[in-house]
Amino acid sequence: MGRIYKDSLTGKMVRRLVRGLLAGLFVMGLLYFGGKGCLQQFFFNTGYIYKRESQRAEELQNYVDKKCLKATDYKQLKQWAVQRNIREFTVSRDKWLLFDVSYDGILTPGSREITDFSWKIFHKIKFADGNADVYLYEGFAGKYYDILAGISVIVGFVVCTGIFSYEMQEDLKYIQCLKEEVDVISKGNLQEHVTVTGNDELAQLAGGLERMRQTLIQKEQSEQELRAAQEKLVLGMSHDLRTPLTGLMTYLEILKKQQKNRIVTDEYIQKSLDKVIQIRNLSDQMFEYFFVNSQYKVELEEPEDIFSAFGDYLSELCVLLEDEGFTVDTEMLEWNPAAVRINTDLFGRIMNNIISNIEKYASRNNPIQVQILYEENYTGILIRNTVAQTEQTAHKTGIGLQNISVMMEHMQGYLEVLQKDRKYCMILHFPYSAIQKHGNDKGLTE
């Protein structure tokens, strides 16, 4: 499941919408009820409604006079009211209704009493059968209240939308900022930082972009360092190869001249063979360097105890070195319960490199010390020797150590080299691992 943010983008949008709605409703209510009060005050102070009703009352009086209508002629009175869209129209005499526009038919005198005298305004109309009180309500003010309600709704909606849009500008500006920064990065400028603000999904996206940028920078730096190291290696190897090749050509020229004189000595033949061997060793090291660096992923084997992992290789190292005239000191070689994971192919290559380096550069007058170190997170194979003062030592390329270092990294370990004066120490660090054994035996753990 994805990470849940306390201040998610959806939550922020909901809160903004709620704030906008509340503000819009508040403004709408304030505008409508405040405006309604102002309209009522205006109508009361100016007598606007009374004047309009008085004009209608005069029209009614003229209509009644023209038609000689009685207060009970409900058909003619209703027709007049309907033609003028009058909402309320009553005719009464002595508080008793004689006509009501909402009622069809003749009202029997004395059957219904008129109510709500307190706020209604009555006009005296002279009918053919005598004077009567007429109440007229055409809804003069209703249209103003409807207009006010419409304006209030529109203004409230505008306020709600405006507040929501205004608060959305922050996210829109942030998105625009991220777009501009990504455009710059996409053009190859990895130094442009990605702005990370807030703690929502946009911030998560920006954080991912920033981590991707940093990863690309690290990858580019690693590639540059690798290219620089390879260029340095190629230049160094070219120089190292040129030296024995020049010597080999010189010895072959000497042998060619000796052949003409029919005197060929074993000395220059042996020197030529030594140069060929030197060239072969350099080419093998170069091949191994590029082979190891081309392996992007190395499969490690199942965890096993360090005696099973290292025992045979260290025994072979001791035997081979002793055959070459070295003295090997294994008094401090102890096997404690611990487990590691290795790749036997790479570890075999490492041991071959170590044996080759010792044979080339180590002094046979001093013992080779082999020891197992037990640290907090790593176990280490320590090999210490004394450097011999030879011509080969002065022209070391260092490619063998580079190969060992790369192979140790493939096995999640690392190489440590310590040198002081002629004392030379190499430590291969392997991380501890867990080993599980089936049955009743207890397995080794980290």
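These legends accompany close-up views of a predicted model.

**Figure 1. Overview of the protein chain.** The chain has 446 residues, of which 36% are buried. Its secondary structure comes to 10 helices and 11 strands. Among contacts with a separation of 6 or more, 68% join residues 24 or more positions apart.

**Figure 2. Helix H7 against helix H8.** H7 spans residues 306-323 and H8 spans residues 344-361. Their axes come within 11 Å. They cross at roughly 25°. Angles under 35 degrees count as roughly parallel, and H7 and H8 are therefore roughly parallel to each other. The crossing of H7 and H8 is right-handed. From H7, the contact uses Ala-309, Phe-310, Tyr-313, Leu-314, Leu-317, Leu-320 and Leu-321. From H8 come Thr-344, Phe-347, Gly-348, Met-351, Ile-354, Ile-355, Ile-358 and Glu-359. By class, the residues of this H7-H8 contact are 12 nonpolar, two polar and one charged.

**Figure 3. The largest nonpolar core.** This core holds 38 residues. Phe-310, Leu-317, Ile-354, Ile-381, Leu-428 and Phe-430 have the most contacts inside it. Two or more residues each come from helices H7, H8 and H10 (399-410) and from strands S8 (368-374), S9 (378-386) and S11 (423-431). Phe-310 and Leu-317 also belong to the H7 side of the contact with H8. Ile-354 belongs to the H8 side.

**Figure 4. Surroundings of Leu-317.** Neighbours within four places in sequence are left aside here. Leu-317 is then in contact with Met-351, Ile-354, Ile-355, Val-370 and Ile-383. Of these partners, Met-351, Ile-354 and Ile-355 lie on the H8 side of the H7-H8 contact.

**Figure 5. Helix H2 against helix H3.** H2 covers residues 48-67, and H3 covers residues 74-83. The two axes come within 12 Å and cross at roughly 140°. That angle makes H2 oblique to H3. The crossing of H2 and H3 is right-handed. On H2, the contact residues are Arg-56, Glu-59, Leu-60 and Tyr-63. They meet Gln-76, Leu-77 and Trp-80 of H3. The residues of this H2-H3 contact divide into four nonpolar, one polar and two charged.

How values were computed. Residues are numbered from 1 along each chain as its sequence is written. This is a predicted model: local features need pLDDT of at least 70, side-chain atom pairs count only at pLDDT 80 or more; totals for chains, interfaces and linings use all residues. Side-chain values use heavy atoms; hydrogens and water are left out. Axes are lines fitted to C-alpha atoms, for helices over the stretch in contact, and angles run from 0 to 180 degrees between N-to-C directions. Helices (H or I, at least four residues) and strands (E, at least two) are DSSP runs, numbered from the N terminus. Angles under 35 degrees count as roughly parallel, over 145 as roughly antiparallel, 65 to 115 as roughly perpendicular and the rest as oblique. A crossing is left-handed if the near helix is turned anticlockwise from the far one by less than a right angle, and right-handed if clockwise. Contact means heavy atoms within 4.5 Å. Ala, Val, Leu, Ile, Met, Phe, Trp, Tyr, Cys and Pro count as nonpolar, Asp, Glu, Lys and Arg as charged, and the others, Gly among them, as polar. A nonpolar core is a set of buried Ala, Val, Leu, Ile, Met, Phe, Trp, Tyr and Cys residues joined through side-chain atoms within 4.5 Å. Buried means under 20% relative accessible area, exposed over 50%, partly exposed in between (1.4 Å probe, protein chains only).
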